[in-house]
Amino acid sequence: MNKFFAILNARNKEFLRDRAALAWNFVFPVLLIFGFSFMFNDDARSLHKVGVLHTSLTNIESIDNPFLQLKHFQFVSYNDESEAVLKVDQHKIDLLVDFNNKRYWVNETSARGYIVETLLTNYFPNFDRSQTSGRAIRYVDWVMPGILGMNMMFSCLFGVGYVIVRYRKNGVLKRFQATPLTAFEFLSAQIVSRLIIVMLVTSIVFFGSHLLLDFYILGSLFNLLIVGMLGASSMIAMSLLIASKSASEEFAGGLLNFLSWPMMLLSGVWFSLEGAPEVVKSIAQIFPLTHMLDAARAIMTDGVGLAAVSGHLIVLAIMTIVFLAASSWMFSWGNNRT
Amino acid sequence: MADILQIKNLSKRYAKTVAVDDISFNVKQGQCFGLLGPNGAGKTTTIEMMEGILPPSSGEILFEGKPIDKNYYQRVGIQFQHTAIQDFLTVKETLSMFANFYKQSLSSAQLIEMCALQEIVDRDTRKLSGGQRQRLLLALAMLNDPKIIFLDEPTTGLDPQSRRNFWQLIDNIKRQNKTVLLTTHYMDEAESLCDEIVIMDTGKIIQRGTPNTLLKDHFDGVLVTLPISIEPKLKSMQLDYLRNNQVVEIMSANVDQTIRTLLENEVPLEGMQVRSPNLEDLFIKLTGHQLRG
C-alpha cells in the first residue's frame with residue numbers, strides 16, 4: 001500500500017504544481033459555460049407548443065374546434081401524464097390539455113403559457129385549470145452537464161494516457177520498472193489520482209457556476225456524484241488502454257483525438273441526439289460519455305433516481321472493467337525494441 | 001570470492017541484428033566489474049538483460065546461483081543511461097517516493113551525505129545540472145542498500161570535474177564492499193575504477209581480465225609518439241608502428257634503442273612524447289578502430 005500511496009501522492013503533487021495546466025482545467029469549462037449562458041439567453045422559439053394528453057394526433061384532427069386550427073400552433077401527443085406535466089414545468093411546452101377529461105395544465109411563470117391559456121379558455125370555457133410553477137430550462141441548463149462531461153473526458157483521456165506515454169518515452173516508467181513497484185500498483189495509483197482530481201475540479205466548477213447561474217437540478221446530488229465517478233472511471237480506463245503500449249506522444253495524441261472528437265460531437269455535449277438518425281444514435285452508444293451525459297441529464301432535469309438510469313450505469317461499469325482488464329494485460333513499462 | 005552474478009551463453013537477437021552474441025562471464029562479490037566497448041557494442045543490451053529489464057533471446061543469468069525473480073529488485077540498485085524523473089518533485093520528495101517502494105531503505109540523511117546532495121535537497125528535479133542529476137540517480141540506485149549496483153555509462157556527458165567527483169562517489173561505494181557493474185566507453189574511467197573488465201565489440205567479448213594484466217599481455221614497454229608527418233620515413237625504415245589520429249605510435253621495449261634508431265635515420269624528434277599504453281591503445285590494437293567513432 002505504501003507504494004500505491006507514494007505514486008498517488010507524487011502524481012497529485014505533479015498535477016497541482018503544474019500551474020498552467022491546473023488553471024486551464026478550471027478556466028476552460030467556466031469560459032464555455034458562461035459563454036453559452038450569454039450567447040443563448042433568450043428563447044427564440046416561434047411556434048406555440050401545446051401538449052395533448054391521451055389522444056393521438058390523428059384523433060385530434062377529428063375534434064371540431066377552431067382552437068385546433070390556429071396558425072403557428074404545434075400539437076404534441078403524450079401518454080404519460082407525469083412526463084407531460086414535467087414538460088410544462090420546464091417550459092418545454094406552453095400548455096398541456098386533456099380533451100377527454102376536460103382539464104389543462106399551465107405554468108404560471110410562462111408568458112407564452114398565458115397567451116395559449118387565454119385562447120384555450122376562449123374556445124373551451126369550462127375546462128379545469130391546473131397550475132404548475134417550474135422554471136424554464138435554459139439551453140445553459142441543458143448544455144452545462146455536456147460541457148462539464150466534455151471537460152472530464154479531456155482530463156481523463158489526456159491527463160492519464162498522454163502522461164503515461166510521456167513517462168514511457170522519457171524513461172520514468174523504466175526507472176519504476178527497476179524497483180519492486182508492480183504495474184498494478186502503478187496503474188491503480190494513476191487511476192485514483194486522476195479520479196480525485198477530475199471529481200474535485202468538476203465539483204468546484206459545478207458549484208461555482210451553479211452559484212452564479214442557478215442551474216436546474218431536480219435530482220439528488222449524490223446520485224450525480226455516482227454517475228460522474230463511474231463515467232470518469234470508464235474514461236480513465238479507456239485512456240489507460242490507449243496508453244498501454246505506445247511510447248510515441250504523436251501516435252497516442254492522434255489516437256486520443258480520434259476518440260475525443262467523435263465523443264464531443266456524438267455524445268450529446270452540444271445538442272440532443274433525439275432527432276438524429278438511428279445509425280448515429282447507435283454509434284453514440286459505444287462512447288462512455290454518451291451514457292454518462294444521458295444519466296446525468298436524466299437526474300438533473302427529470303429528477304429521476306439511480307434505478308431509472310441503471311442501464312447507463314451498468315454499461316459504464318462494464319466498460320470500466322473491460323478496459324482496465326485489457327490495459328493491465330497489455331501494459332508495457334518500456335519501449336523495448338523488437 | 002564467490003560469484004554474485006553468472007552469465008551463461010547470453011544472446012539478444014533482434015529481427016535484423018544480433019546485439020549480444022553468446023557471451024559468458026562471472027562477476028565476483030565485492031568487485032567493480034567494467035563492460036567496455038564503443039557505442040553499439042552491446043554493452044547496454046547486456047547490462048539491461050542483467051538488470052532483468054530486457055528478456056534475453058537465449059542464455060541464463062544467475063544471481064547468487066538462482067535465476068532472477070521478482071525479489072531481485074529489492075536487492076539490486078540500477079542507474080540507467082537515460083532516465084527522466086517525474087517532474088515537479090524536489091530531490092527530497094523523489095528520494096522519499098522511491099524509498100516507499102522498498103522493504104528496507106537507507107535514510108534520506110545517509111543518501112544525501114553519500115551522494116553529496118546537501119545543496120540541492122529542495123530543488124525541483126527539472127532544475128538540476130548534469131552532474132547533480134547523476135548524483136540523484138546514484139542515490140536512487142543506492143536507496144535500498146543493494147548488494148550490487150548497475151551503472152550504465154554514469155559519466156557520459158559530464159564535464160571532467162563532475163566526472164572525477166562521480167568517480168570519488170563510486171570509490172566510496174566500492175569501499176562498502178558492494179559489487180559495482182559499470183559500462184563505459186571512457187578507458188580512463190575503467191582504469192581508475194574497475195578491478196576486472198570485459199571488452200565488447202559487435203556483441204562479442206573480445207578480451208577480459210584486470211586492466212593491468214591486459215595491458216601487460218598486449219604491450220611490451222612504452223609508446224613513443226611522433227607527428228604523422230614522419231610516416232613516410234618510418235615506412236622506409238620498416239619499423240612497426242600504429243596510426244592514431246594525427247600521430248604515429250611506435251611500441252618500444254627499449255626507449256634508448258628506439259631513439260637511437262630514429263636519429264640514425266635522421267627522423268626529426270620534434271613533438272616526440274613517450275607514454276605508457278592505456279586501455280584506449282589496447283582497444284585500438286584489438287579492434288583496429290577508435291572507441292568513440
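Modeller: Chain A has 13 helices and 5 strands, where helices (H or I, at least four residues) and strands (E, at least two) are DSSP runs numbered from the N terminus. This is a predicted model, in which local features need pLDDT of at least 70 and side-chain atom pairs count only at pLDDT 80 or more, while totals for chains, interfaces and linings use all residues. Residues are numbered from 1 along each chain as its sequence is written, and chains are lettered from A and ligands numbered from 1 in the order in which they are written.

The C-alpha trace of chain A spans about 85 × 35 × 35 Å along its principal axes. Of its 338 residues, 42% count as buried, that is, with 20 or more other C-beta atoms, placed from the backbone, within 10 Å of their own.

Now for the close look, at a sheet in chain B. It's an open sheet of 4 strands in the order S2-S1-S4-S5 (chain B), with antiparallel pairing; two strands pair if DSSP finds at least two bridges between them. Strand S2 (18–28) and strand S5 (66–67) of chain B sit at the edges with a single partner strand each, so one side of each is left without a neighbour in the sheet. Strands of a sheet pair through backbone hydrogen bonds, either parallel or antiparallel.

Strand S1 (residues 3–13) of chain B is joined to strand S4 (residues 58–63) of chain B by 5 bridges, and the two run antiparallel. To find your way, look for Ile7(B), which stands opposite Ile61(B) in S4(B).

Across S1, S2 and S4 of chain B lies helix H1 (residues 43–50) of chain B, running at about 125° to S1(B). Such angles run from 0 to 180 degrees between N-to-C directions, and the axes are lines fitted to C-alpha atoms, for helices over the stretch in contact. Contact means that the C-beta atoms of two residues, placed from the backbone, lie within 7 Å.

Further along chain B, strand S11 (residues 222–227) has antiparallel partners too. Strand S13 (residues 247–252) of chain B pairs with S11(B) over 6 bridges, with Val248(B) as the bridge partner of Leu226(B). Strand S14 (residues 273–275) of chain B pairs with S11(B) over 3 bridges, and there Val224(B) stands opposite Val274(B).

Definitions and conventions. Buried ≥ 20, exposed ≤ 12 C-beta atoms within 10 Å, placed from the backbone.
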